[in-house]
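Reader: I am new to this structure. Please take me through one part of it closely, in short steps.

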Amino acid sequence: MGSDVEDAVDARLAARLAELRAERGWSLGELAERSGVSRSTLSRAERAEISPTASLLNRLCHVYGRTMSRLLSEVEAAPALTVRAADQAIWEDRASGFVRRSVSPPHAGLRGELVEGRLTAGADIAYDRPPVPGLEQHIWVLDGTLVVTAQDVEHRLAPGDCLRLRVWGPTRFRCPGPADVRYALVVVLP
């Protein structure tokens, strides 16, 4: 069961997803066609009946031309210059074992952001497309092992390793274990 803070973020996220669709004048059917996500799932996500998975948010971000960080920053409080560790927004995809911490102070007008990602041992997340084509990513492993597949090339990263890439197609983040992986992700809009 989620905390009150997590529930509030999910409620604001649901409202923002509904706003984005309404701003474009799309029906649920039109959004379903554009995103490849079923109408019922979209409807439940917009009513906060479900907490969207990382994969679902990625598909919606692609359709709306946003990074996941930008979308999540839009449901957070007003931008600040400093965000203390205790105040950094954390979002979890419990189904996949993914935890995402927004390290950078949120600011929709800036192009770069820093995120901490954590995957439990055995977690495997596949994204069918980038939220924004040509998105630049720097992935720096802090603890554990991370296997990233991009453009059909598999990159096995150990602590201290850093992978830099532009994302144009499907990607996959996998934690082979035996321990969980923690990594820093720098995302830069093209």
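Author: Helices α2 and α4 pack with their axes 9 Å apart, at an angle of about 100°. Axes here are lines fitted to C-alpha atoms, for helices over the stretch in contact, and angles run from 0 to 180 degrees between N-to-C directions. So α2 is roughly perpendicular to α4. That label covers 65 to 115 degrees; under 35 is roughly parallel, over 145 roughly antiparallel, and the rest oblique.

This is a predicted model: local features need pLDDT of at least 70, side-chain atom pairs count only at pLDDT 80 or more, and totals for chains, interfaces and linings use all residues. Residues are numbered from 1 along each chain as its sequence is written, and side-chain values use heavy atoms, with hydrogens and water left out. Helices (H or I, at least four residues) and strands (E, at least two) are DSSP runs, numbered from the N terminus.

Which residues make the contact of α2 with α4? From α2 come L31, R34 and S35. From α4 come R59, L60, V63 and Y64. Contact means heavy atoms within 4.5 Å. These residues divide into four nonpolar, one polar and two charged. Ala, Val, Leu, Ile, Met, Phe, Trp, Tyr, Cys and Pro count as nonpolar; Asp, Glu, Lys and Arg count as charged; the others, Gly among them, count as polar.

Now stay with α4. Is this helix mostly covered or mostly open? Mostly covered: eight of its eleven residues are buried. Buried means under 20% relative accessible area, exposed over 50%, and partly exposed in between (1.4 Å probe, protein chains only). The buried residues include L60, V63 and Y64, which also belong to the contact with α2. A54, L56, L57, N58 and C61 are buried too. Just after α4, G65 takes a positive phi of about 65°.

P52 has 4% relative accessibility, so it counts as buried. Leaving aside neighbours within four places in sequence, P52 is in contact with L13, L57 and W91. L57 is itself one of the buried residues of α4.

Y64 has a further partner. Rings of Phe, Tyr and Trp (its six-membered ring) pair if their centres lie within 6.5 Å; planes under 30 degrees apart count as stacked, over 60 as edge-to-face and the rest as tilted. The count comes to four aromatic pairs. One of them is W26 with Y64, a stacked pair, 5.8 Å centre to centre with 15° between the planes. W26 lies in the loop between α1 (4-24) and α2 (28-35), and Y64 in helix α4 (residues 54-64), so the pair ties together parts that are 38 residues apart in sequence. Both W26 and Y64 are buried.

W26 also meets a charge. The charged end of R24 sits over the ring of W26, 5.9 Å from its centre. For this, NZ of Lys or CZ of Arg must be within 6 Å of the ring centre and within 35 degrees of the ring normal.
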